[in-house]
Amino acid sequence: MIKKTICVDFDGVLNEYDGYEEGDLGEPLSGSHDFIRELRKKYKVVILTSRQKEQVIDWLNNNGFPSMKVTNRKVPAVAYIDDRAIRFNGSYTPALYEAVNLKPYWMKRHYRVYDVETGETKALFAKMYDAEIFTQNFKRNRVCIEILEGVLE
Ligand SMILES: [Mg+2]
């Protein structure tokens, strides 16, 4: 049986990544070898990257991955696995919301709870959940949560 193709992005999916840099491709992410091995049982895996393909081929070879096609052209595939992907499900509204609020998993952020009227910072949190719990200490609509770039120091 001919295996169907599945495309796997490189940066942030197979390697440690926190934003594009030209030279250093980082180390393989934990579990990435098993991930590729399992995918290859069912699919032909193609690595789809915007990087120079020779650079990625070298990285794959040097880090113990099997030989796979690497391309920077979108090829026909049953699915695309990408840390920056937004799934379009036929409705523009959720896709637009996700596009406007896009944050790849590796992009660090924190959360500021502030007074709506004065702008005064009430507290900073590393997790959205903790910020949401904290807002329950205030009367309704008195505070808002702002998402900020960077890790909480
Ligand atoms: Mg990526």
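The protein has 4 helices and 7 strands. Helices (H or I, at least four residues) and strands (E, at least two) are DSSP runs, numbered from the N terminus. This is a predicted model: local features need pLDDT of at least 70, side-chain atom pairs count only at pLDDT 80 or more, and totals for chains, interfaces and linings use all residues. Residues are numbered from 1 along each chain as its sequence is written.

From the N terminus on, the order of elements is β-α-β-α-β-β-α-β-β-α-β. The C-alpha atoms fill a box of roughly 60 × 35 × 25 Å, taken along the principal axes. The radius of gyration is 20 Å, while a compact globule of 153 residues would have one near 15 Å. That radius is taken over C-alpha atoms, and the globule rule is 2.2 Å times the number of residues to the power 0.38.

Buried residues make up 14% of the 153 residues. A residue is buried if 20 or more other C-beta atoms lie within 10 Å of its own, exposed if 12 or fewer, and partly exposed in between; the C-beta atoms are placed from the backbone. Of the contacts between residues at least 6 apart in sequence, 56% join residues at least 24 apart. Two residues are in contact if their C-beta atoms, placed from the backbone, lie within 7 Å.

### The parallel sheet

An open sheet of 4 strands runs in the order β3-β2-β1-β4, with parallel pairing. Its edge strands are β3 (69-71) and β4 (79-81), and each pairs on one side only. The twist averages 30° from one strand to the next. Two strands pair if DSSP finds at least two bridges between them. β1 and β4 pair in the parallel sense over 3 bridges. Here Cys7 stands opposite Tyr80 in β4. Helix α1 (residues 32-42) packs on this sheet, touching β1 and β2, and its direction makes about 130° with that of β2. Axes are lines fitted to C-alpha atoms, for helices over the stretch in contact; angles run from 0 to 180 degrees between N-to-C directions.

The largest nonpolar core has 13 residues, of which Val8, Phe10, Ile47 and Val56 touch the most other members. The elements that give two or more residues to this core are β1 (4-9), β2 (43-48) and α2 (53-62). Such a core is a set of buried Ala, Val, Leu, Ile, Met, Phe, Trp, Tyr and Cys residues joined through C-beta atoms within 7 Å. Leaving out residues up to four places away in sequence, Ile47 touches Val8, Phe10, Val56, Met68 and Val70.

### The antiparallel sheet

The other open sheet has 3 strands in the order β6-β5-β7, with antiparallel pairing. The edge strands here are β6 (121-125) and β7 (143-149), each pairing on one side only. Its twist averages 25° from one strand to the next. Helix α4 (residues 128-135) packs on the sheet and touches β5, β6 and β7; its direction makes about 15° with that of β5.

| Strand pair | Bridges | Sense |
|---|---|---|
| β5 (residues 109-115) and β7 | 7 bridges | antiparallel |
| β5 and β6 | 4 bridges | antiparallel |

Arg109 stands opposite Glu149 in β7. Tyr111 faces two strands: it stands opposite Ile147 in β7 and opposite Phe125 in β6. β5 and β6 form a hairpin with 5 residues between them. Gly119, in the turn, has a positive phi of about 80°.
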